[in-house]
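Reader: Could you take me through this model, beginning with the overall fold and then turning to individual residues?

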Amino acid sequence: MTEKDLETVINTKGENEIKVPPMYKILLLNDDFTPMDFVVEVLRLFFSMDLEQATQVMLEIHTEGAAVCGVYPSDIASTKVNQVIEFARSNQHPLRCVMEEN
């Protein structure tokens, strides 16, 4: 393979690269009404955290006002946000869950 052939391969490769979809972070927001143990339950159920990790994230939500629970592609993030909100409402809690581009 000549140097010119190698340049052609390199230039062609750059044009055909697959773009990675944007990722979205999911945040839980603090409120004065949702019990801390419910937030821990949400983190364990929907974000596969163990008890220790869920407790740490819950405390960050409580002290900082919000915390990132995970980072996912758009469709997965949207589904998780909807599941969390539906679960919170079905348990009569005002817990807020949002997603924003990472």
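This is a predicted model: local features need pLDDT of at least 70, side-chain atom pairs count only at pLDDT 80 or more; totals for chains, interfaces and linings use all residues.

Reader: What does the secondary structure of the chain come to?

Author: The chain has four helices and three strands, arranged along the sequence as α-β-α-α-β-α-β. Helices (H or I, at least four residues) and strands (E, at least two) are DSSP runs, numbered from the N terminus.

Reader: In which order do the strands form the sheet?

Author: The order is 2-1-3, in an open sheet with antiparallel pairing; two strands pair if DSSP finds at least two bridges between them. Strand 2 (66–73) and strand 3 (96–101) are the edge strands, each pairing on one side only. From one strand to the next, the twist averages 25 degrees.

Reader: How many bridges link strand 1 and strand 2?

Author: Strand 1 (residues 23–29) pairs with strand 2 over seven bridges in the antiparallel sense. Leu28 is placed opposite Ala67 in strand 2.

Reader: Which strands does helix 2 lie across?

Author: Helix 2 (residues 36–47) lies across strand 1 and strand 2, and runs at about 160 degrees to strand 1. Axes are lines fitted to C-alpha atoms, for helices over the stretch in contact (heavy atoms within 4.5 Å), and angles run from 0 to 180 degrees between N-to-C directions.

Reader: Turning to Lys80, is this residue buried or exposed?

Author: Lys80, in helix 4 (residues 74–90), is buried yet has no salt bridge. Buried means under 20% relative accessible area, exposed over 50%, and partly exposed in between (1.4 Å probe, protein chains only). A salt bridge requires a side-chain nitrogen of Lys or Arg within 4 Å of a carboxyl oxygen of Asp or Glu.

Reader: What is Lys80 in contact with?

Author: Leaving aside neighbours within four places in sequence, Lys80 contacts Ile26, Phe46, Phe47 and Tyr72.

Reader: And where does Ala54 lie?

Author: Ala54 is part of helix 3 (residues 51–64). Ala54 counts as buried because its relative accessible area is 0%. Not counting residues up to four places away in sequence, Ala54 touches Val40, Leu43, Arg44 and Met49. The C-alpha atoms of Ala54 and Arg44 are separated by 6.3 Å, with the two residues 10 apart along the chain.

Conventions:
Residues are numbered from 1 along each chain as its sequence is written. Side-chain values use heavy atoms; hydrogens and water are left out. Lys and Arg count as positive and Asp and Glu as negative; His and the chain ends are not counted.
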